[in-house]
Amino acid sequence: MITQWSVLSLLRQLTDIGEDEEKVCLGIALSSLERVNSRLKADADRDDVRIAQAAAGLAYYALCVRRAGSADGIQSFKAGDISVKKSADSSLKFAASVRDGALAELIPLLSDNGFFCCGVEI
């Protein structure tokens, strides 16, 4: 069975998680897994690895958004000849591509509740 712990394990493969972030990341992993599970077809295999990967992709994006919001506006740092510039945009773009790729793999297991078609008689 896929749990928030398995999602957290996959999330650790995508980014470094410090001890201070672990509790927050576990909560993000749980909410991401719940989001994915709520969209699955009734007959979907709940142990499919794509479910955990999609949840980890969602969690990774949410974590990157959280980190970008807590950067306190600092974009660059320079000390002598060494300078470091961190771009939140590039991190978010990469996280979005990871998320979108994982969700695309999950499409066969998802239920489609967003389309409605009807006829109109005149």
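Below is a chat about helix packing and nonpolar cores in a predicted model.

Colleague: What are we looking at, an experimental or a predicted model?
Modeller: A predicted one.

Colleague: OK. At what angle do H2 and H3 pack?
Modeller: About 130°, with the axes 8 Å apart. H2 covers residues 22-38 and H3 covers residues 49-69.

Colleague: What do you call that arrangement of H2 and H3?
Modeller: Oblique. Angles over 145 degrees would count as roughly antiparallel and 65 to 115 as roughly perpendicular, so this pair falls into the oblique class.

Colleague: And is the crossing left-handed or right-handed?
Modeller: Right-handed, as H2 passes H3.

Colleague: Which residues meet there?
Modeller: From H2 you have Val 24, Cys 25, Ile 28, Ala 29, Ser 32, Leu 33, Arg 35, Val 36 and Asn 37. On the H3 side they meet Ile 51, Ala 54, Ala 55, Leu 58, Ala 59, Ala 62, Leu 63 and Arg 66.

Colleague: How many of the residues in that contact are nonpolar, polar and charged?
Modeller: The contact of H2 with H3 has 13 nonpolar residues, two polar and two charged.

Colleague: Switching to the largest nonpolar core: which residues touch the most other members?
Modeller: Val 7, Val 36, Leu 40, Ile 51 and Leu 106, out of 16 residues in that core.

Colleague: Which helices supply at least two residues each?
Modeller: H2, H3 and helix H4, which is 88-106. The largest share of this core is from H3, with six residues.

Colleague: Let's zoom in on Val 36. What does Val 36 touch, leaving out residues up to four places away in sequence?
Modeller: Ile 51, Ala 54, Ala 55, Leu 58 and Leu 106.

Colleague: New topic, Arg 99. Where does Arg 99 lie?
Modeller: In helix H4.

Colleague: Does Arg 99 count as buried or exposed, and why?
Modeller: Buried, because its relative accessibility is 19% and the cut-off for buried is under 20%.

Colleague: What does Arg 99 touch, again not counting residues up to four places away in sequence?
Modeller: Gly 57, Leu 58 and Tyr 61.

Colleague: Last one, Gly 27. Which helix is Gly 27 in?
Modeller: Helix H2. Gly 27 is partly exposed, with a relative accessible area of 38%.

Colleague: And how many residues apart in sequence are Gly 27 and Ala 59?
Modeller: They are 32 residues apart in sequence, and 9.2 Å apart in space, C-alpha to C-alpha.

Note on methods: Residues are numbered from 1 along each chain as its sequence is written. This is a predicted model: local features need pLDDT of at least 70, side-chain atom pairs count only at pLDDT 80 or more; totals for chains, interfaces and linings use all residues. Side-chain values use heavy atoms; hydrogens and water are left out. Axes are lines fitted to C-alpha atoms, for helices over the stretch in contact, and angles run from 0 to 180 degrees between N-to-C directions. Helices (H or I, at least four residues) and strands (E, at least two) are DSSP runs, numbered from the N terminus. Angles under 35 degrees count as roughly parallel, over 145 as roughly antiparallel, 65 to 115 as roughly perpendicular and the rest as oblique. A crossing is left-handed if the near helix is turned anticlockwise from the far one by less than a right angle, and right-handed if clockwise. Contact means heavy atoms within 4.5 Å. Ala, Val, Leu, Ile, Met, Phe, Trp, Tyr, Cys and Pro count as nonpolar, Asp, Glu, Lys and Arg as charged, and the others, Gly among them, as polar. A nonpolar core is a set of buried Ala, Val, Leu, Ile, Met, Phe, Trp, Tyr and Cys residues joined through side-chain atoms within 4.5 Å. Buried means under 20% relative accessible area, exposed over 50%, partly exposed in between (1.4 Å probe, protein chains only).
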